[in-house]
Each structure stands twice: as structure tokens, then as C-alpha cells.
Amino acid sequence: MIYAIIGVREPEKTEGYATLKFVFVTYVGAQVKPLHKARSSQHRVALYNHAKKFVQLAAELQALSKEEVTEEALQAKIVGSRVKAEN
């Protein structure tokens with residue numbers, strides 16, 4: 001299990017401004033047994049709450065492979081979370 005906080009620049013909406021948003025990334029390998037995945041989720045909540053004390057987390061990405069953690073996936077999470085918040 002790997003945890004990371006990645007800063008992603010939001011696409012510029014106005015001239016000269018680009019907002020940095022933070023995404024909490026959880027990576028669990030596809031070959032990890034379900035019982036180990038379930039046990040690791042207990043740590044995820046504690047780490048997420050601890051990280052929120054220092055940075056404002058805009059979204060969370062849970063990946064089963066390293067290839068899923070791409071700039072496009074991170075941007076989609078940020079845009080998707082903003083759209084949900086506006087509704």
C-alpha cells in the first residue's frame with residue numbers, strides 16, 4: 001500500500017491564475033489479497049485526517065495500478081470534485 005499527496009495545477013480559468021489543488025492518492029496493487037486491502041483501509045482514514053491538518057485535500061484517487069496515476073486522472077478528479085460541490 002502506498003499513500004501520496006500530489007499537488008496538481010488546476011487549468012487556468014482566468015488570466016494569470018492557476019490554482020494548486022492537492023489529491024490524496026492511495027495505491028493498492030491488483031495482486032494484493034482482499035483481506036490485506038481491507039486492513040489497509042483503516043490506515044487510510046487516519047492518514048487522510050492527519051493530512052487535512054496541513055493541506056486542503058481537493059480529491060482522492062484510489063488506484064489499483066501505477067499506470068492509473070496520470071496527470072489526466074488527477075485533473076479529472078479535481079474537476080469532478082468541483083462540479084459535485086457546485087451542485
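What share of the contacts in the protein between residues at least 6 apart in sequence join residues at least 24 apart? In this predicted model, the share is 53%.

## Overall architecture

The protein contains 2 helices and 3 strands. Their order along the sequence is β-β-α-β-α. The protein has 87 residues, of which 22% count as buried. Its accessible surface amounts to about 6300 Å², and carbon and sulfur atoms account for 55% of that area.

## Strand pairing

Strand E1 spans residues 2-9. E1 and E2 run antiparallel and are joined by 8 bridges. Within the strands, Arg9 lies opposite Leu20 of E2.

E2 also pairs with E3, here in the parallel sense, over 6 bridges. Thr26 faces Gln62 of E3 across this pairing.

## The nonpolar core

The largest nonpolar core consists of 7 residues: Val8, Val23, Val25, Ala59, Leu61, Leu74 and Ile78. At least two residues of this core come from each of strand E2 (20-27), strand E3 (57-63) and helix H2 (71-86).

Val25 is one of the core residues. Beyond its neighbours within four places in sequence, Val25 is in contact with Ile2, Tyr3, Ala4, Ile6, Leu61, Val69 and Leu74. Two of these partners, Leu61 and Leu74, also belong to the core.

Thr26 is located in strand E2. Is this residue, Thr26, buried or exposed? Thr26 counts as buried because its relative accessibility is 5%, below the 20% limit for that class. When residues up to four places away in sequence are not counted, Thr26 touches Met1, Ile2, Tyr3, Arg44, Glu60, Leu61, Gln62 and Ala63.

Tyr3 is located in strand E1. With a relative accessible area of 24%, Tyr3 is partly exposed, since this class covers values between 20% and 50%. Leaving aside neighbours within four places in sequence, the contacts of Tyr3 are Phe24, Val25, Thr26, Ser40, His43, Arg44 and Leu47. Tyr3 therefore touches both Val25 and Thr26, as contact means heavy atoms within 4.5 Å. Tyr3 and Tyr27 are separated by 24 residues in sequence, while their C-alpha atoms are 6.4 Å apart in space.

Conventions: Residues numbered from 1 in each chain as written. Predicted model: local features only at pLDDT ≥ 70, side-chain atom pairs only at ≥ 80, totals over all residues. Heavy atoms only, no water. Core = buried A, V, L, I, M, F, W, Y, C linked by side-chain atoms within 4.5 Å. Buried < 20%, exposed > 50% of the residue type's maximum accessible area, 1.4 Å probe, protein only. Helix = DSSP H or I, 4+ residues; strand = E, 2+ residues; numbered from the N terminus. Areas by Shrake-Rupley, 256 points an atom, 1.4 Å probe, with all protein chains shown as cover. Pairing = 2+ DSSP bridges.
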